[in-house]
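Here is a short briefing on one protein model. Look over the sequence and the structure first.

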Amino acid sequence: IALAEPSGLCSAGYYCPGGQNRSEPLDFVCAPGHFCLEGSGNQTGCPSGTYQDLWGQHNCTECPAGRFCEALGDYEDVEIPLNNSTGFSGRFRSLRGVVVPKDCPRGSYCPAGTKSATEYLCPLGTYGS
């Protein structure tokens, strides 16, 4: 059957570089540290403060308390709506996301969603061991 236009979008959790013939190409499953929204042409890194340790995901998970998640090359895609009902819009992204959250270092504390080791330094008169 000859097509006049594409058959549909690439499925969430997968990405489709040009020339794909299925919505879930086995060679292009979204890798840990990344997310792939429906219609993605490439995988995108989870932004700092989040991580993804599973294959084939369309969102990222908030970094747990006591740990930090620092991605490489954070940026914002202003074409993506800021709010969405799932709590993860995909607007905030990175070049390379986090697969495994790191332990919070001494002298700092890390509430859920902490983006770097020094984001929350213990204030004067307090300590973190």
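Helices (H or I, at least four residues) and strands (E, at least two) are DSSP runs, numbered from the N terminus. The model is predicted: local features need pLDDT of at least 70, side-chain atom pairs count only at pLDDT 80 or more, and totals for chains, interfaces and linings use all residues. Residues are numbered from 1 along each chain as its sequence is written, and side-chain values use heavy atoms, leaving out hydrogens and water.

**Leu 121**
- Leu 121 sits in the segment after β8 (102–103).
- Leu 121 counts as exposed because its relative accessibility is 53% (exposed is over 50%, buried under 20%, partly exposed in between; 1.4 Å probe, protein chains only).
- Beyond neighbours within four places in sequence, Leu 121 is in contact with Gly 107, Ser 108 and Tyr 109 (contact: heavy atoms within 4.5 Å).
- Leu 121 and Gly 107 are 14 residues apart along the chain, with 6.1 Å between their C-alpha atoms.

**Ser 48**
- Ser 48 is in the loop between β2 (44–45) and β3 (50–51).
- At 10% relative accessibility, Ser 48 is buried.
- The Ser 48 side chain reaches the backbone nitrogen of Ala 71 at 2.9 Å.

**Second largest pocket**
- A pocket is an open set of points on a 1 Å grid over the protein atoms alone, where a 1.4 Å probe fits, with protein on both sides within 12 Å along at least five of seven lines; lining residues have an atom within 4 Å of a point.
- The volume, the space filled by probe spheres set on the points, is about 240 Å³ for the second largest pocket.
- Its lining has 13 residues, and the closest to the centre are Ser 7, Gly 8, Gln 20, Asn 21 and Arg 22.

Notes: A polar contact is a pair of N or O atoms within 3.5 Å; within protein, one must be able to donate a hydrogen and the other to accept it, and residues adjacent in sequence count only if both atoms are side-chain atoms.
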